[in-house]
Amino acid sequence: MEKKFKFNWGAGAILAVFILLFFVLMGRFFYIAYTKNIENVDLVAYAEKKWTRYQTLDANRGTIYDHRGQPLAEDIPSYTLYAVLDKKFPHIKDPEKTAEQLAPILDREPDEIEETLSKPKRFEVQVPGGRQLSHSKKEKIDKLKIDGLEFKEETKRYYPNQTFAPYVLGYTNETGQNEITGALGLEKTLDKYLKETNGSLSFKSDTKGVKLPDPKEKVKKPKNGSNVYLTLDEKIQLVLEQAMTKADKKYNPEKIIGIVADPKTGKILAMSNRPAFNPNKRDIKDFTNRAISDPYEPGSTMKIFTLAAAIEEGVYNGNETYKSGQYKIPHNRPISDHNKVGWGTITFNEGVQNSSNVLFSKLAREKLGYDRLLNYLKKFGLDKPTGIDLPNEKSGRILYNYEIEKLTTAFGQGTTVTPIQQIQAATAIANGGKMMKPFVIDKVVDPATKKVLLQHKPEVVGNPISAETAKEERDILETVVTKGTGKPYQIKGYSIAGKTGTAQVVDKETGQYAHGWGQNIFSFMGMAPKDDPKLLVYVAVDRPHLKPTELGSYPVADIFTTVMKNSLQYMNIEPEEEKKEKKTVSDSSVKINDYTSKAASAAESELRSSGMKPVTLGSGSEVVSQQPAAGSRLLPGERVILRTDGNVQMPDLTGWSLSDVLKFSKMMDLDASVKGTGYAVSQSLKKGSIVKEKDYLTVDFQKPEMPSVNLSDEEESGTSQ
């Protein structure tokens with residue numbers, strides 16, 4: 001029997017639905033395959049993102065070096081400490097105990113750390129105080145072997161010498177994830193050179209991050225920032241910093257300014273201020289680099305330039321006499337010398353030695369004339385900025401409207417100038433009449449190509465006086481130090497030419513000059529050696545707290561003599577023979593021979609017979625180098641360092657002078673840091689340990705014993721001298 005076909009409407013409906021869905025899905029499939037887009041999502045790009053892994057290749061910010069290649073600002077590795085709290089992974093099991101262990105390393109309170117480590121429902125947390133940790137702190141934490149602690153490696157900007165030319169170097173701020181930008185000083189103005197560009201690495205991987213057989217890597221190389229080389233000398237800057245810190249602690253002045261320059265080139269070898277700050281901590285309250293941005297009445301250091309003008313114009317006769325004490329001019333108050341009564345009738349040269357305001361008033365009014373004096377002040381660049389390559393330089397103002405202002409300008413009152421303006425002007429005195437533009441940046445170099453991107457060279461910016469005038473003035477200024485107000489600035493073995501300054505300070509509240517013991521800016525501008533100056537040093541101390549028995553020259557002389565003497569010795573500038581010794585055949589100083597390639601034992605014997613103290617480094621038998629260099633003259637009892645081949649054992653530095661320590665660190669290429677002045681009492685490298693290049697050496701010194709100085713000719717008061 002034939003079965004009668006019966007259509008099942010239910011099954012047909014289901015079939016129709018499946019057929020419809022099939023065509024819808026196929027249509028959707030072909031649509032997606034054709035458009036490669038779903039709900040405005042690019043599927044190709046989405047897949048590329050899912051398969052591709054990215055990795056940042058860190059670049060380093062450029063390093064700032066001193067002129068000898070010692071790093072002053074650099075990027076170093078740092079670490080950020082995280083703690084895992086999720087119990088599905090190795091985690092912190094005992095927050096209280098962990099906090100107690102971490103607290104002394106991170107310099108935080110245990111309760112603060114424990115509170116963070118106890119936060120609920122957190123996968124991981126950053127540990128308080130655990131950001132930008134040094135490698136040594138990381139090692140200490142690793143030794144604790146605490147489960148759940150992890151480190152993320154980064155870089156940070158580091159200033160190895162701490163409080164060291166901070167207003168010159170400046171500092172950086174973080175502007176993004178592991179990204180820093182210059183915020184002050186050269187870090188800011190040279191940011192376009194110093195700034196780095198991070199690179200990247202991309203590759204194809206599976207879902208677990210494992211590279212595919214054909215990962216198709218794309219690498220964008222990182223570009224390190226360019227390196228900056230400064231004219232600063234790390235050792236001279238370090239001596240200046242230490243001397244200023246000592247004076248700052250002892251006398252607690254309002255401010256201190258110190259500049260050391262090479263007068264032949266205009267290179268700034270050291271520059272600092274007090275108050276100062278540590279760029280690693282950014283504990284800064286005052287953003288002003290007072291050495292270039294603080295115009296003030298200079299006091300009698302201005303007399304250097306009035307004297308130069310008078311000599312150049314042929315109107316100065318050192319043997320001519322005048323009546324000191326007071327100088328009367330029509331319709332104005334009389335000009336007084338700083339001791340009010342003067343020294344009777346004296347010569348012009350004696351007037352310079354005693355820093356007589358009356359003498360310089362006579363030179364301005366009767367010998368030069370106001371117009372010629374003003375012309376010379378402009379020739380010395382005291383009416384405009386120097387153009388030094390540091391940010392925010394300001395210029396003083398020549399106050400020259402009324403006769404009394406013209407007279408006071410001649411001896412340093414009323415008119416204002418900056419320390420760097422005085423340094424530039426004084427280079428003409430020290431450099432045979434040629435005035436050199438001061439500069440701090442030597443060059444900027446691309447580390448990859450070694451191409452010099454920026455370079456500053458010595459620049460003569462004026463010739464206000466002749467070489468003959470410069471020499472005559474240096475001879476006169478030497479007598480200021482040997483006979484006059486500059487006696488505290490004498491340095492045995494070196495001829496110093498210089499001028500003291502004691503300027504009044506305007507009280508900001510009253511608008512009047514401040515009065516009282518020590519309420520002045522005490523300063524000194526000095527150069528040495530006098531006949532051929534290699535260094536020019538300016539020091540100013542504002543309102544030090546002085547005892548009734550102390551003079552304003554004390555803190556200034558402490559700084560100047562320490563910096564000048566140690567810097568000259570560090571530069572291997574031999575002490576000069578005293579004049580009496582020059583007249584005799586024999587000389588108590590000893591000329592050092594060349595001992596290189598000679599037997600060390602023979603060199604030691606010869607040096608001992610000459611009264612020297614030989615120090616031999618190394619295990620070899622033959623001398624390969626020496627300090628000081630051959631031809632130098634030393635006084636009996638001074639050390640001569642001989643270097644031989646082989647390993648060098650650390651000597652006992654106890655009793656060594658700062659100059660000897662600097663000679664030793666220079667020979668061994670050590671990263672030296674000194675504390676205090678005088679003679680060494682302790683050292684960080686253990687005696688007998690093997691010394692390696694770039695080792696870090698810290699040496700503590702005793703307080704120096706200042707020699708007694710006859711100050712009978714100097715009476716510092718509230719007037720300029």
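Asn198 is partly exposed, at a relative accessible area of 29%; buried means under 20%, exposed over 50%, and partly exposed in between, with a 1.4 Å probe and protein chains only. The model is predicted, so local features need pLDDT of at least 70 and side-chain atom pairs pLDDT 80 or more, while totals for chains, interfaces and linings use all residues. Residues are numbered from 1 along each chain as its sequence is written, and side-chain values use heavy atoms, leaving out hydrogens and water.

Asn198 sits in the loop between helix H8 (191-194) and strand E10 (199-204); helices (H or I, at least four residues) and strands (E, at least two) are DSSP runs, numbered from the N terminus. Between Asn198 and Asn224 there are 26 residues in sequence and 7.9 Å in space, C-alpha to C-alpha.

I turn to the sheet. Three strands form an open, mixed sheet in the order E27-E30-E28, where pairing requires at least two DSSP bridges between two strands. Strands E27 (613-617) and E28 (623-627) stand at the edges with a single partner strand each, so one side of each has no neighbour in the sheet. Four bridges join E28 to E30 (residues 639-644), and these two strands run antiparallel. Ser625, for instance, has Arg643 in E30 as its bridge partner.

Finally, which residues of H11 meet H13? They are Lys303, Thr306, Leu307, Ala309 and Ala310, which meet Asn357, Phe360, Leu363 and Leu368 in H13, contact being heavy atoms within 4.5 Å.
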